[in-house]
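Here is a quick tour for anyone opening this structure for the first time. Have a look at the view below, then read on.

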Amino acid sequence: MEYVSPEGLRIDGRRPMEMRKLQAEIGVVAKADGSAVFEMGNTKVIAAVYGPREVQNRSQQLNDQALVRCEYSMANFSTGDRMRKPKGDRRSTEISLVIRQTMEACILTQLMPRSQIDIYVQVLQADGGTRSACINAATLALADAGIPMRDFVTSCSAGYLNSTPLLG
Amino acid sequence: MEQRLANTWRMTVNEKKFIESALVSGLRVDGRNLYDYRKLSINFGKEDGSAEVHLGQTRVMGIATSQLVQPYRDRPNEGTLSIFTEFSPMADPSFEPGRPGEFAVELGRVIDRGLRESRAVDTESLCVLAGKLVWAIRIDLHILDNGGNLVDAANVAALAALSTFRRPECSLGGENGQEVIVHPPEAREPLPLIIHHLPIAVTFAFFSDESTLVVDPTHQEEAVMAGRMTATLNTNGDICAIQKAGGEGVPQSVIMHCLRIAATKAADITVKIRDTVEAYNTERALQKIKRHSAPVALDVSGTVPNVRKNQVKSEDQREVSGSVGTQVEKLKPMNERKNSDQSNDIEGKVVTKSLEQGGTNSKDGNPRSFIGGPSS
């Protein structure tokens with residue numbers, strides 16, 4: 001199957017180095033301190049941030065910095081076939097870990113000791129690149145919550161097919 | 001660490017400062033150079049497919065097992081490979097028994113990406129009946145002692161286990177070739193897996209001083225480090241996987257530098273794994289030769305009933321083919337001679353064969369001449 005036609009167009013008509021259409025919206029979850037919806041083409045994720053707030057589990061409290069927690073889950077209806085186990089499987093655990101470590105590196109945790117920042121990311125439509133969309137959505141949600149960060153953290157996925165790098 | 005419990009080991013400020021300032025001058029606490037690995041040793045267990053790796057103080061055990069299962073729907077003629085990790089609580093006070101925590105899952109997935117997605121193991125050869133039955137290889141990694149850099153040690157353990165693993169041979173039988181017969185290892189020699197290349201994981205630790213990076217961090221260095229990166233690559237120059245999650249931001253040039261260092265380290269480790277696996281295989285082959293000469297004593301009693309059976313068979317054959325009694329008479333003295341010669345396994349087999357075929361005298365003479373057994 002030819003993924004990049006001889007004219008240099010991919011299946012959806014994009015060039016190899018062209019990303020999909022980006023769309024974002026903040027303040028979508030009323031109860032959360034910060035929230036955002038991020039769309040990359042057909043991939044749509046929603047992120048909600050709660051914090052800084054009191055640490056729920058006292059034994060995990062850090063005296064010199066904020067505790068950052070992240071949970072990634074995919075909605076059952078996000079992929080073509082209904083997913084059996086959206087949370088708790090190994091892929092979700094790893095992606096939660098990766099997003100947490102990424103955001104932890106950019107949040108100024110030293111400014112909020114003994115507190116907790118929760119980032120919840122939920123994938124509503126999965127069409128590839130969910131990890132990147134989640135990181136982008138988390139950045140926006142953190143900014144919406146007014147949490148001090150070093151800089152924006154952005155992410156994009158790329159692939160390599162038949163010796164051609166493809167973006168997005 | 002995700003669970004910060006009261007009994008988690010924490011490093012003192014003095015120790016941290018000591019390690020950091022030593023690194024600034026290019027010195028490591030255990031005396032290694034910045035880019036040196038600790039001593040790596042691989043030991044194999046009695047069973048095929050079990051390996052224990054010691055990397056300095058870190059110990060990881062890898063066991064490979066196989067099972068016949070139904071294939072995935074979108075890959076009907078490929079076998080599967082899955083990796084399970086077990087962070088034993090005896091390895092580190094912060095490991096909890098029960099479900100694997102975040103780091104256990106991450107370690108499993110990093111090794112999984114390096115092995116499975118790079119197609120190091122040939123999964124198409126694991127297919128038995130397309131769409132119905134394939135071999136599922138399962139690798140269990142048990143962390144026995146956490147001395148730092150679990151990913152690299154676990155990766156070597158997985159590769160060593162896969163390289164020495166033997167799966168039972170199976171053949172198709174039954175009416176329309178739909179039944180699968182799995183042969184026990186005594187009947188037919190089990191087969192090794194086809195491994196195309198060995199993806200080696202090399203872990204780097206970055207420290208807050210930008211230009212400092214070390215290879216193969218120990219447990220203390222891991223507590224001090226600001227970021228880590230694991231690059232999985234093979235000696236063909238392919239990069240199979242890279243994992244850098246969070247931690248200190250690192251410029252691109254440093255990443256490229258790390259990949260170059262990783263290439264040389266991967267070559268060394270590949271040579272080490274190949275040598276140890278070869279030594280194990282030769283020893284295994286030697287053991288098998290000894291195994292065949294052992295059942296000489298058993299066959300002494302075994303040949304007698306065999307002979308009788310064959311005698312009956314050959315007599316029947318004679319009757320069926322309508323041959324004369326003289327041939328039977330010829331056979332009888334052969335049998336008597338054989339009864340006295342119950343020494344060699346090989347001899348017994350050849351003679352019984354010749355009886356069935358109604359063999360000539362020349363065939364009978366041959367086994368005597370190549371008696372190689374010890375007790376003749």
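A crossing is called left-handed if the near helix is turned anticlockwise from the far one by less than a right angle, and right-handed if clockwise. Before using that, a word on the source: this is a predicted model, where local features need pLDDT of at least 70, side-chain atom pairs count only at pLDDT 80 or more, and totals for chains, interfaces and linings use all residues. Residues are numbered from 1 along each chain as its sequence is written, chains are lettered from A and ligands numbered from 1 in the order in which they are written, and side-chain values use heavy atoms, with hydrogens and water left out.

Helices (H or I, at least four residues) and strands (E, at least two) are DSSP runs, numbered from the N terminus. In chain A, the axes of helix α1 (residues 90–106) and helix α2 (residues 130–145) come within 11 Å and cross at roughly 40°. Axes here are lines fitted to C-alpha atoms, for helices over the stretch in contact, and angles run from 0 to 180 degrees between N-to-C directions. That makes α1(A) oblique to α2(A); angles under 35 degrees count as roughly parallel, over 145 as roughly antiparallel, 65 to 115 as roughly perpendicular and the rest as oblique. The crossing of this pair, α1(A) and α2(A), is right-handed.

**A closer look at α2(A)**

With its 16 residues, α2(A) reaches 22 Å from first C-alpha to last, close to the 22 Å expected at 1.5 Å a residue. That expected span is 1.5 Å times one less than the number of residues.

Is α2(A) mostly covered or mostly uncovered? Mostly covered: twelve of its 16 residues are buried, meaning under 20% relative accessible area, with exposed over 50% and partly exposed in between (1.4 Å probe, protein chains only). N136(A) and A145(A) are among the buried ones, and the cover includes α1 and β5 (115–125) of chain A. Just after the helix, G146(A) takes a positive phi of about 75°.

**Over in chain B**

Helix α2 (residues 102–117) of chain B is mostly covered too, with 13 of its 16 residues buried. R119(B) follows α2(B) and has a positive phi, near 55°.

K17(B) sits in helix α1 (residues 13–24) of chain B and is exposed, at 56% relative accessible area. The C-alpha atoms of K17(B) and V224(B) are 8.8 Å apart, though 207 residues separate them along the chain.

Technical notes: Contact means heavy atoms within 4.5 Å.
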